[in-house]
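This report covers selected packing and pairing features of one protein model.

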Amino acid sequence: MTGSGGWRSRSPVELVCEKKPAVGSTGMVVTNHPLGSAAAAEMLAAGGNAVDAAVAALLALTVVEPMMVGIAGGGLSHIRLPNGEHIVVDALAAAPADTHAQTFEPVSDEPARRMETVGNRSAIGAGAVAVPANLLGWHSMQTRFGNLPFADVVDPAIRLAAGGFRVTHYLAGAIAENAPLMMGDRAMSDLFLPGGRPLAFGDRLVQGAYADSLRLIARDGAAALHGGPLGVALCARIHQGADDDGYLTVADLAAARAIDRAPIVGHYRGYEIVGPPPPASSGVHITEMLNILEGFDIAGLGFGTPDALHLLAQVLAIGFADRRLSSGDPEFVDVPVERLTSKAYAAERRAEIGHVLPAEPAVQGSADTTHVTIADRDGMIVSATHTINGLFGAKFVVPEAGFIPNNYMMNFDPHPGRALSVAPGKRVPTSMAPMIATRAGRPAFALGLPGALRIFPSAMQAIVNLIDHGMTLQEAVEAPRLFTEGHVVEIERGYAGAMAALEAMGHDVAIVPHVAGGMNAIAFGDDGMMTGAACWRADGTVMATGGGLARPGVRFHTGLTPDTDPAEGPTT
């Protein structure tokens with residue numbers, strides 16, 4: 001997909017991309033940190049495939065983006081195998097066995113504060129930690145689908161943790177913003193606030209204890225955490241005989257599982273749009289919203305025009321109204337997938353545009369996430385989104401193990417009797433949207449991003465940018481975004497020119513610095529070339545590979561003696 005550029009003649013938006021794409025023929029890597037991308041590219045250079053590269057990148061990101069992702073977190077990896085099969089590895093976190101609907105005391109019944117708990121116990125500290133599955137998912141997918149020994153894909157992360165790396169502006173800002181909370185944990189403050197001073201841009205962060213933990217993982221795989229010494233260390237920190245002890249146990253870790261799930265497949269203007277199923281809302285509701293939009297001439301409306309934004313806002317309101325009624329862990333909640341993703345249902349909802357009541361604000365989920373999009377020369381693609389939920393997760397570091405656990409329990413509703421109430425083993429719904437689009441069975445593009453509730457609406461808009469507006473991949477990921485649940489319409493500054501018109505249409509509009517986070521994407525050309533793009537909203541970095549090994553049998557010669565090239569016959 002190269003984009004025609006014709007959308008500009010119908011758009012009032014002046015879009016100047018801040019980053020440049022890269023093009024390659026044998027591999028493409030896009031992650032939200034240069035060192036994550038380097039780890040993935042190293043695996044491709046070593047003969048690994050896209051799964052090897054993705055797992056190496058994600059493990060490296062646990063070192064260089066420790067505020068975003070970790071071995072004790074959760075997430076989704078969407079894999080397209082070379083034979084065209086799609087598998088979604090569900091490594092989402094779940095509630096521990098010792099929890100129940102009244103584990104936490106709610107602060108308020110008001111919709112805006114209904115998820116808050118007394119003492120912030122579901123968000124900070126030992127009580128916030130849910131049963132993680134990131135490491136389980138990564139180890140499972142790599143040992144089944146990768147080419148390399150598992151220890152090889154852990155090695156870049158070990159080197160980064162042991163040798164250290166320079167702190168980016170992004171990480172330094174996160175540390176500074178969270179310093180007051182991080183001071184409450186000695187192991188965390190020693191690591192990120194040495195001497196009481198937050199690490200600044202350019203400082204070197206060395207994580208020796210975590211390097212040792214990664215060496216255990218390289219040796220033992222996921223068992224190092226799930227049934228091994230790292231799990232024992234984590235649970236020892238959670239159960240200290242204090243009033244604020246948590247609920248996660250060694251038994252929970254041993255019983256945890258990553259689950260292979262079949263994806264949701266939607267159809268939009270000749271493309272197959274493939275995404276994760278429940279507990280993720282993205283596959284269902286991106287399909288639903290695209291089905292509704294299919295009845296409109298989106299290209300004719302023009303990108304970023306008031307009429308186009310008005311339509312997007314109304315369709316998002318419909319999507320969120322349905323998400324609120326039908327979203328959750330399918331083991332606990334009946335999600336009517338077939339009805340929500342049908343063209344007939346979209347026609348019903350299309351007729352209701354302009355008459356949809358705003359949904360109650362949804363659960364935010366994790367805005368502090370990372371995403372990787374990777375493809376290899378053989379047609380394997382990985383689009384993966386993983387997190388420890390909030391920035392720096394539960395706000396403590398496991399002593400002598402060096403990793404930060406998740407704070408996923410904050411995503412459960414502390415009120416009993418609700419779809420999101422705490423229940424043992426329940427996975428929390430997610431807005432993660434690791435998407436892959438195909439056309440006539442061939443890959444077209446893959447993308448994803450962080451950003452909590454704003455993830456799947458942003459992914460949907462990028463899909464529309466590519467298919468309806470004919471944008472280049474770089475334009476599609478960097479273009480301005482809009483978000484609403486049916487209440488305030490958030491727009492990025494690129495849409496500021498439409499603000500007055502949207503207000504005249506009855507919208508309450510707010511201009512925000514950005515909607516969701518840094519998007520990573522890969523587009524696949526008919527000529528076998530791949531284009532990678534990352535947007536300005538994160539440290540996204542693209543690395544492409546081309547060329548390859550010499551022809552079999554080729555040797556270096558001075559040209560003074562005859563040589564026989566098996567491909568071309570005798571030469572002199």
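## Terms and basis

A residue is called buried under 20% relative accessible area, exposed over 50% and partly exposed in between, using a 1.4 Å probe and protein chains only. The model is predicted: local features need pLDDT of at least 70, side-chain atom pairs count only at pLDDT 80 or more, and totals for chains, interfaces and linings use all residues. Residues are numbered from 1 along each chain as its sequence is written, and side-chain values use heavy atoms, with hydrogens and water left out.

Helices (H or I, at least four residues) and strands (E, at least two) are DSSP runs, numbered from the N terminus.

## Aromatic pairs

Rings of Phe, Tyr and Trp (its six-membered ring) pair if their centres lie within 6.5 Å; planes under 30 degrees apart count as stacked, over 60 as edge-to-face and the rest as tilted. The count by this rule is seven aromatic pairs. Trp-7 and Phe-303 are an edge-to-face pair because their planes stand at 80 degrees, with ring centres 5.5 Å apart. This pair joins distant parts of the chain, 296 residues apart: Trp-7 precedes strand 1 (22-24), and Phe-303 is in the loop between helix 11 (298-301) and helix 12 (306-325). Both Trp-7 and Phe-303 are buried. Together with Tyr-495 they form one aromatic cluster.

Tyr-271 and Phe-445 form a tilted pair, 6.3 Å centre to centre with 45 degrees between the planes. Tyr-271 belongs to strand 9 (residues 271-275) and Phe-445 to strand 13 (residues 442-448), 174 residues apart. Tyr-271 and Phe-445 are buried as well.

Two strands pair if DSSP finds at least two bridges between them. Seven strands form an open sheet in the order 1-18-17-13-12-9-8, with antiparallel pairing. Strand 1 and strand 8 (264-268) are the edges, each pairing on one side only. Within the sheet, strand 12 (residues 435-439) and strand 13 are antiparallel over five bridges, and Arg-439 stands opposite Arg-442 of strand 13.

Axes are lines fitted to C-alpha atoms, for helices over the stretch in contact, and angles run from 0 to 180 degrees between N-to-C directions. Helix 10 (residues 282-293) touches strand 8, strand 9 and strand 12, and its direction makes about 15 degrees with that of strand 8. Helix 15 (residues 455-467) touches strand 8, strand 9, strand 12 and strand 13, at about 140 degrees to the direction of strand 13.

## Strand 4

Strand 4 (residues 86-91) is largely enclosed by the rest of the structure, because six of its six residues are buried. On one side these are His-86, Val-88 and Asp-90; on the other, Ile-87, Val-89 and Ala-91.

Strand 3 (residues 74-80) runs antiparallel to strand 4, joined by six bridges, and Ile-79 has Ile-87 as its bridge partner. Five residues lie between the strands of this hairpin, in which Gly-84 takes a positive phi near 95 degrees. Strand 4 also pairs with strand 7 (residues 259-261) in the antiparallel sense, over three bridges.

## Glu-492

Glu-492 sits in the loop between strand 15 (488-491) and helix 17 (499-504). Glu-492 is buried, at a relative accessible area of 3%. Its side chain reaches the backbone nitrogen of Val-515 at 2.6 Å. Not counting residues up to four places away in sequence, the residues touched by Glu-492 include Arg-481, His-514, Trp-536 and Arg-537.

Note on methods: A polar contact is a pair of N or O atoms within 3.5 Å; within protein, one must be able to donate a hydrogen and the other to accept it, and residues adjacent in sequence count only if both atoms are side-chain atoms. Contact means heavy atoms within 4.5 Å.
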